[in-house]
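Visitor: I have a model open and want to learn how to read it. Please take me through it feature by feature.

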Amino acid sequence: MAHQEGVSAGADDSGRVSFMNDPKARGLVFQALLIIAVMAMVYIGVSNAVNNLARAGIASGFDFFGERAGFDIGQSFIPYTNDSTYLRAFFVGLGNTLVVAAIGIFFATVIGFIVGLARLSKNYLVQKFATVYVETLRNIPLLLQLLFWYKAVLSILPSPRAMGLEPGANVAFSLNNRGLYLPRIVPEAGSSFILFTLIAVLIFWFVLGRWARKRQMATGQQFPVFLTGLGLLIVLPLLVFFVTGMPVSLEYATLQGFNMVDGWVIQPEFMALLLGLSLYTASFIAEIVRAGILAVSHGQTEAAYALGLRPNLTSRLVIVPQAMRVIIPPLTSQFLNLTKNSSLAVAIGYPDLVSVTGTVLNQTGQAVEVISITMLVYLTLSLLTSAFMNWFNSSVALVER
Amino acid sequence: MDHNTKSIAYVRTQESPKTPPPMAVGGVGGWLKENLFATPRDTVLTILTFLFLIWIIPPVVDWAFISAVWDGESREDCIVPGAGACWAFVEAKFGQFMYGRYPLEERWRVNLSGLLLIAGLVPIAIPSVPYKRENALYLLIVFPVLAFILLTGQFGLQPVETPLWGGLLVTLVVAIVGIVVSFPLGILLALGRRSDMPIVKMFCVIFIEFWRGVPLITVLFMSSVMLPLFLPDGVSFDKLLRALIGVALFSSAYMAEVIRGGLQAIPKGQYEAANAMALTFWQGTRLVIMPQALKMVIPGIVNTFIGLFKDTSLVLIIGLFDLLGIVQQNMTDPNWISPQTPATGFVFAAFVFFIFCFGMSRYSAYMERRLDTGHKR
């Protein structure tokens with residue numbers, strides 16, 4: 001009570017405090033000044049920009065998106081020719097960024113977990129090897145690594161002719177300075193049944209998992225969900241494949257003149273970017289995984305052994321779930337870093353978002369619009385990823401009292 | 001009664017002869033068994049790793065040392081068949097890699113700036129050396145001014161335009177300016193983000209999240225292409241300064257988050273104690289909160305600096321010649337073009353970056369151990 005009286009007495013006093021010493025009033029003045037300063041800066045900047053653009057004869061606005069782009073893009077996952085609009089070119093770049101980021105995140109996570117576990121291994125050779133990997137790769141700039149893979153490794157591979165490939169012969173696998181050549185899968189009539197079977201099996205697997213979990217909760221009996229699902233996933237599509245009369249064929253790459261034609265080609269720019277991004281990010285993920293596992297107290301392992309769990313089950317059921325809580329937040333920021341770092345593609349000529357918008361900028365001169373859009377896209381990607389990971393994080397977080 | 005008289009035959013009267021420890025415990029064999037072949041899975045892993053190593057190491061050693069070309073005048077020496085790394089290229093271009101096109105007779109100024117930097121860095125890095133506050137002021141205020149005078153050429157020194165700068169010099173200038181500017185800005189942003197004033201807080205959150213959400217390369221594009229548009233007619237910055245502005249804003253957002261981490265780790269009692277002593281907000285921050293918070297986040301600051309140091313290589317994309325940029329530019333020198341030149345140049349640049357970053361990360365780990373006094377919260 002006495003405390004509260006003191007507070008109210010103090011509050012009454014505030015009328016007598018001079019304006020300069022009243023924190024509330026000072027805060028208001030300070031914030032008002034901040035708003036005025038920021039608005040003034042924005043106003044000066046915008047009016048300068050309007051003047052400069054008017055003098056350079058550049059019409060601001062997003063009308064240029066509808067115009068013909070007129071440049072080619074080496075790799076595209078949506079139909080694109082140099083007759084397409086700038087808008088379509090922009091989406092091609094965005095698609096390329098998303099594809100390389102998604103595949104890069106997959107490989108970085110897999111390699112990162114393996115290396116992180118290897119650093120904790122009791123095996124001397126494996127542990128030292130993982131340590132050297134992590135310390136080397138994370139202390140060298142990513143851009144340097146990308147350039148190294150692109151210019152010092154992939155570009156000095158021999159040409160298809162120098163590899164000794166026979167002209168016209170089918171090539172199942174070839175890595176040369178034009179890229180990595182693999183057979184392309186060509187679907188024919190009836191192949192959609194295989195796809196439907198695959199999707200059906202995946203849905204069944206998911207439902208089966210939920211059912212098995214419910215049953216285990218109720219009765220304690222376990223069901224081999226993983227083996228069943230995997231078996232079905234392999235057997236059923238194969239069965240459909242043979243029943244429908246093998247409606248899938250492979251198209252091989254062949255050497256014609258100096259060039260390779262047909263087949264499925266992975267371009268050197270894409271490979272260099274993917275290699276660089278995944279190996280570099282994996283070295284950071286490895287450290288995160290290691291720290292996460294070390295953060296689980298050793299008592300947990302001992303407790304699991306005391307309950308009679310075997311080492312494999314101990315890691316799977318006791319250690320990893322607890323480590324994941326520590327691992328996921330920094331893992332999120334690594335995924336974001338990888339996505340943002342994919343913009344370094346511009347240095348090795350992979351047509352990602354920054355590279356495509358850079359070309360658009362050079363052609364149209366619409367610097368403000370193009371750069372703002374690019375930044376906005378990355379900002380949106382960042383916010384979406386962190387929102388998703390926050391949701392995922394809260395779903396694995398410890399529920400405390 | 002009979003058995004009482006029996007001698008207790010199972011008690012030894014002499015020590016039994018010592019047997020050697022089993023093979024699997026002591027000596028080289030024991031070490032091998034325990035560290036390499038403990039389980040069948042370990043054995044397989046060991047063999048696989050070993051095979052991988054003997055597949056990768058001999059060619060690398062051969063390339064870097066045995067078949068490498070150490071001396072040479074031009075590409076002729078490096079395009080001999082079977083030649084490894086072309087170190088002669090690095091030797092011939094070393095001056096450029098360090099200073100760029102900085103005039104030869106003025107390079108002592110770069111060296112002197114480097115010495116001044118080392119003179120400030122060494123004492124602040126050793127925890128037991130006193131006068132930390134003065135030392136920090138030297139590094140954050142006095143040294144940048146001196147280096148600016150020396151490098152650009154003020155007060156009668158011959159002016160050297162920034163387009164002539166290059167190599168490691170530019171790398172260090174970008175990284176150090178980035179960190180020196182981002183430090184005070186980061187402190188302000190971190191304080192602003194924890195402020196009670198909603199508008200200040202909002203501005204800081206938007207600023208920090210914006211810069212953290214976009215890639216540095218777009219920031220550099222923005223500062224090199226978009227920034228000139230927002231300046232009044234006739235005012236123009238040189239290219240290096242524009243890149244520096246971008247890098248400084250970008251890194252201050254990251255620095256702010258590191259410092260905010262330190263502020264959050266300070267117990268509430270410290271703030272209350274500062275208030276109880278009738279210290280104003282700024283006095284309390286300066287005398288009570290910041291010294292503790294900053295000390296706690298030294299490893300984080302060093303890690304931010306490592307990241308910034310690596311990221312400086314991105315300035316080559318907007319046409320500045322930092323270490324990586326100048327190495328890449330020299331690779332196309334017709335006098336030195338050879339199949340091994342790119343790999344040699346990149347390995348050299350990687351080695352320089354590695355030395356700096358690895359050194360800093362070791363220091364950060366050392367500070368982490370020092371600061372980890374067992375009072376984990």
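Guide: Start with chain B, which averages a pLDDT of 84, with 95% of the residues scoring at least 70. pLDDT is the predictor's confidence in each residue, from 0 to 100. This is a predicted model: local features need pLDDT of at least 70, side-chain atom pairs count only at pLDDT 80 or more, and totals for chains, interfaces and linings use all residues. Residues are numbered from 1 along each chain as its sequence is written, while chains are lettered from A and ligands numbered from 1 in the order in which they are written.

Visitor: Which elements of chain B have the lowest and the highest mean pLDDT?

Guide: Elements first: helices (H or I, at least four residues) and strands (E, at least two) are DSSP runs, numbered from the N terminus. In chain B, helix H1 (residues 2-5) has the lowest mean pLDDT, 53. Helix H7 (residues 167-193) of chain B has the highest, 90.

Visitor: What does chain A average in pLDDT?

Guide: Chain A averages 82, and 94% of its residues score at least 70. Over residues 1-14 of chain A the pLDDT is below 50. Beyond near neighbours in sequence, that stretch has one contact in the model. A contact means that two C-beta atoms, placed from the backbone, lie within 7 Å.

Visitor: And the model as a whole: what are its ipTM and pTM?

Guide: Both ipTM and pTM are 0.84.

Visitor: How many residues of chain B are in contact with chain A?

Guide: As a general idea, the size of an interface is often given as the accessible area lost when the parts come together. Here we count residues in contact. On chain B there are 44, touching 46 residues of chain A. The elements of chain B that give two or more residues to this side are helices H3 (40-66), H8 (198-213), H9 (216-226), H14 (323-331) and H15 (341-371). H15(B) supplies the largest share, ten residues.

Visitor: How does that side of chain B divide by class?

Guide: It has 33 nonpolar, eight polar and three charged residues. Ala, Val, Leu, Ile, Met, Phe, Trp, Tyr, Cys and Pro count as nonpolar, Asp, Glu, Lys and Arg as charged, and the others, Gly among them, as polar.

Visitor: Now helix packing. At what angle do H9(B) and H10(B) cross?

Guide: Axes are lines fitted to C-alpha atoms, for helices over the stretch in contact, and angles run from 0 to 180 degrees between N-to-C directions. The axes of H9(B) and helix H10 (residues 239-264) of chain B come within 8 Å and cross at roughly 135 degrees. Angles under 35 degrees count as roughly parallel, over 145 as roughly antiparallel, 65 to 115 as roughly perpendicular and the rest as oblique. So H9(B) and H10(B) are oblique to each other. Their crossing is right-handed. For handedness, compare the near helix with the far one: turned anticlockwise by less than a right angle is left-handed, clockwise is right-handed.

Visitor: Which residues make that contact?

Guide: From H9(B), they include B:Leu216, B:Val219 and B:Met222. From H10(B), they include B:Arg242, B:Ile245 and B:Phe250. By class, the contact of H9(B) with H10(B) has seven nonpolar, three polar and two charged residues.

Visitor: How are H9(A) and H10(A) arranged, roughly parallel or roughly antiparallel?

Guide: The axes of helix H9 (residues 298-306) and helix H10 (residues 311-341) of chain A come within 10 Å and cross at roughly 155 degrees. That makes H9(A) roughly antiparallel to H10(A). H9(A) passes H10(A) in a right-handed crossing. A:Gln300, A:Thr301, A:Ala304 and A:Tyr305 in H9(A) meet A:Thr314, A:Val318, A:Ile319 and A:Gln322 in H10(A). The contact of H9(A) with H10(A) divides into four nonpolar, four polar and no charged residues.

Visitor: Is A:Leu146 buried or exposed?

Guide: A residue is buried if 20 or more other C-beta atoms lie within 10 Å of its own, exposed if 12 or fewer, and partly exposed in between; C-beta atoms are placed from the backbone. A:Leu146 counts as buried because it has 23 C-beta neighbours inside 10 Å. A:Leu146 lies in helix H5 (residues 142-154) of chain A. Not counting residues up to four places away in sequence, A:Leu146 touches residues including A:Ala272, A:Gly276 and A:Ile348.

Visitor: What is the phi of B:Tyr131?

Guide: Most residues other than glycine have a negative phi. B:Tyr131 has a positive phi of about 60 degrees, although it is not a glycine. B:Tyr131 sits in the loop between helix H5 (107-125) and helix H6 (132-152) of chain B. With 11 C-beta neighbours inside 10 Å, B:Tyr131 counts as exposed.
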